[in-house]
Amino acid sequence: MAERHGELWLARVAAAALALGFGFGGLVGIVESGHSIAARSAAVALLTALVALHLRNCVRPRAGSAPAGWSWTLAVQALLTGAGMVWFADTWYGNSGFLAAAMLLLVRPPVLAWAGFGLVVVAQFAVALTVRPTVGEAVHLAVGHAAFVGIALYAVARLADLVADLRDGQLALAAAEVARQRLEFGRELNERVGASIRRLIADAEAILAQPTPDRARPELDGALATARSALNEARSVAHGHGRDAPRATPPRLAADLDTAGVAALGALAIVLMIVPTELRWAVRTGLSGGEWALLAAALLGFVGCYLAACLPPRGGKRQQRWWLLLVAGALAVGPLAVLDLPVWHVAYFLPGLSLVLLRGALRWLVSVPLIGLDAVLYLWDANLGDPTVLGQVYEAVWTGERAVLVLALASMASLTAQLVAARGALAEAALVHERLRFARDLHDLFGYSLSVLVLKSELAARLFDRDAGRARAELAAGVEVAREALAELETLAVGYRAMTVEAEARTVRAVLTDAGIEVQGSVAPGPLDDEIGTVLSTVLREGVTNLLRHSDARRCELTVSRGPTEVRLRLTNDGVAPAAGVPRGMGLDSLTRRVAALGGTLSAARVGDGFRLEATVPLQPTPIGGDPDRVDPVAGVEPGDRRREVVAHGSHAQE
């Protein structure tokens with residue numbers, strides 16, 4: 001849990017650092033503009049407000065959540081951006097990217113968000129036409145600055161959201177997989193074991209209806225074969241589910257950005273970062289046909305190295321491809337034998353690759369000098385940047401912020417792939433736990449009763465030639481056992497479709513354990529009314545979801561106890577941040593109403609450095625002689641002996 005919160009913290013720090021870096025670039029442009037001091041002061045105030053609004057609205061504390069009042073603050077941001085475009089058209093082009101990112105991050109549905117993004121870019125292009133001599137230059141400002149800044153800010157903020165989305169969805173996916181598997185259990189039970197038992201009952205009734213032993217003998221042999229088949233089918237289902245577990249269904253992530261979307265977004269950010277700048281200088285210089293061909297080939301190869309280094313790896317494990325940095329370095333230097341440095345200066349983008357591809361101290365030994373490359377080039381008389389101290393700082397920040405962007409994109413893409421795999425693994429682990437539990441219950445349910453059924457059928461077959469009356473009595477007793485087993489089988493199949501506290505406790509215990517959280521406590525609610533069991537199961541699921549989302553828990557205690565008049569569910573955990581309050585979201589509010597509808601109470605409160613969720617519900621009368629939660633009964637094997645059943649209580653819940 002602490003590791004996941006650390007990953008989220010790193011992602012949000014990167015998002016904030018990138019926003020401040022872009023803001024610094026805008027600040028340098030304002031300071032070096034030809035406007036009056038008063039005008040520059042007003043521009044700095046506008047830019048400061050834009051950056052502050054972006055940090056408030058877009059570097060969000062929780063995945064997918066928009067801050068209160070985001071609509072009117074977005075309107076203010078649009079007004080400030082428009083004012084800057086009009087009053088400071090010659091230097092404002094990158095600052096409009098903050099509004100473009102806000103459109104993507106705050107507006108829903110996504111089609112409207114992208115429409116708003118496009119509108120900002122088009123507006124920036126229209127404004128740039130008034131201050132730039134060519135359409136190409138205006139396109140560069142709109143795409144290479146406004147669109148790039150918007151995509152970069154959106155990518156880092158949204159990828160941080162994905163980390164939280166994936167973390168919070170672990171329990172939901174596990175529960176969904178268990179529910180799907182329970183439906184499959186019920187279907188297979190009815191189709192395989194249930195069919196054999198029903199056929200046995202029909203055959204036995206036909207035998208008992210035969211007037212003479214000679215006519216009944218063939219049907220008796222068939223009934224014995226059917227009884228053995230039912231026993232074998234039960235063993236096959238139990239052993240199969242205990243041994244072989246299918247893979248969990250691949251998780252669907254956020255509706256507007258899945259793993260493929262992460263790759264597409266990263267590729268778009270990289271292309272917008274590199275290509276427009278190089279093409280701008282090439283168009284300015286006027287290259288020959290051969291030089292254009294060399295530029296295109298070198299640019300394609302360099303961008304290809306970037307994509308190979310930064311896109312999400314398969315299985316979440318990024319291979320060590322340090323040699324890509326050597327290839328990219330060769331592509332950055334080699335074409336300079338033909339192209340001038342102002343045309344081909346992709347060396348500025350090498351720090352991003354070195355941060356991604358190198359490890360340990362070597363990463364910084366290589367990356368830091370590359371970030372300060374502009375000072376070296378200035379000494380080489382390359383004349384690419386501003387020779388002033390502010391200009392050199394700007395160039396270092398310009399290079400460094402792009403390196404941070406690349407590192408964030410690569411790290412978040414890799415982390416997304418890892419979390420997808422981990423989330424699926426947790427679901428599969430829960431699935432395995434459920435299959436093993438089912439195998440145990442099925443073995444207990446049918447192992448003995450079907451063995452008795454086979455024995456009675458065999459005894460009837462042996463006695464039929466010597467004592468037909470006793471043989472019929474044994475066969476009739478076998479029919480009663482079969483009917484009771486069929487009734488219990490159908491109850492088990494139906495019960496697997498319902499939510500029960502014990503079943504849900506096993507699921508969440510498996511998920512939490514596999515997530516590295518120690519789980520203590522016992523679950524022994526006894527027979528519960530269906531509605532009570534469903535509500536308490538829902539409370540448990542929501543509580544564990546909040547535990548995963550809002551804490552760095554290492555230990556938790558889950559207790560479900562039954563008193564004379566009420567049943568109580570209590571979930572406590574450690575690792576709550578000191579500044580965290582009680583997460584009163586829609587989930588807890590809804591659960592409070594549901595528990596209150598049953599006459600119970602729900603409380604959620606901090607306890608020291610931990611958190612406690614407790615639900616108390618009064619018991620309602622349940623029918624005598626049944627098992628209302630319909631999950632764990634093990635049927636008796638003698639006709640009429642309904643008391644001989646074993647119910648899985650706390651011992652199973654703690655496995």
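Which helix does Leu-18 lie in? Leu-18 sits in helix α1, which covers residues 2-31. Keep in mind as you look around that this is a predicted model.

## A leucine tucked away

Let's stay with Leu-18 for a moment. Is it buried or exposed? Its relative accessibility is 1%, so it counts as buried, the cut-off for that label being under 20%.

Who does Leu-18 touch? Leaving aside residues up to four places away in sequence, Leu-18 has contacts with Ala-152, Leu-153, Val-156, Glu-401 and Leu-405. Take Leu-153 as one of these: along the sequence, Leu-18 and Leu-153 are 135 residues apart, yet their C-alpha atoms are 7.1 Å apart in space.

## Two sides of helix α11

Now find helix α11, residues 323-333. The buried residues here are Leu-324, Leu-325, Ala-328, Gly-329 and Ala-332. They span an arc of only 140 degrees around the axis, so they end up on the same side of α11. What do these buried residues pack against? Their neighbours are α10 (289-310) and α12 (350-357).

Turn to the other side of α11 and you'll find Leu-326 and Val-333, which are exposed. Leu-326 has a relative accessible area of 55%, and the label "exposed" needs over 50%, so Leu-326 qualifies. Leu-326 is also part of a nonpolar patch on the surface, together with Trp-322, Trp-323 and Val-327. The four of them have about 430 Å² of accessible area together.

Next stop: strand β3, residues 566-573. In a regular strand, side chains alternate between the two faces of the sheet. You can follow that pattern here. The covered face of β3 has Val-567, Leu-569, Leu-571 and Asn-573, while Glu-566, Arg-568, Arg-570 and Thr-572 are on the uncovered face.

Which strands does β3 pair with? One is β2 (residues 555-562), joined to β3 in the antiparallel sense over seven bridges. With three residues between them, β2 and β3 make a hairpin, and Arg-562 has Val-567 of β3 as its bridge partner. Another is β5 (residues 610-618), which is also antiparallel to β3, over eight bridges. There, Thr-572 stands opposite Arg-612 in β5.

## Salt bridges, alone and in a network

How many salt bridges does the structure hold? There are seven. In one of them, the side chains of Arg-280 and Glu-137 meet, at 3.2 Å from N to O. Arg-280 belongs to helix α9 (residues 259-285) and Glu-137 to helix α6 (residues 135-168), so this pair ties together parts that are 143 residues apart in sequence. Arg-280 and Glu-137 are both buried.

Glu-614 has a relative accessible area of 14%, which makes it buried.

Definitions and conventions
Residues are numbered from 1 along each chain as its sequence is written. This is a predicted model: local features need pLDDT of at least 70, side-chain atom pairs count only at pLDDT 80 or more; totals for chains, interfaces and linings use all residues. Side-chain values use heavy atoms; hydrogens and water are left out. Patches are made of residues with over 30% relative accessible area and no salt bridge: like charges are joined within 9 Å, nonpolar side chains (Val, Leu, Ile, Met, Phe, Trp, Tyr) within 5 Å. Accessible areas come from the Shrake-Rupley method with a 1.4 Å probe; for residues, only the protein chains shown count as cover. A salt bridge is a side-chain nitrogen of Lys or Arg within 4 Å of a carboxyl oxygen of Asp or Glu. Helices (H or I, at least four residues) and strands (E, at least two) are DSSP runs, numbered from the N terminus. Buried means under 20% relative accessible area, exposed over 50%, partly exposed in between (1.4 Å probe, protein chains only). Two strands pair if DSSP finds at least two bridges between them. Contact means heavy atoms within 4.5 Å. The arc is that of the directions from the helix axis to the C-beta atoms.
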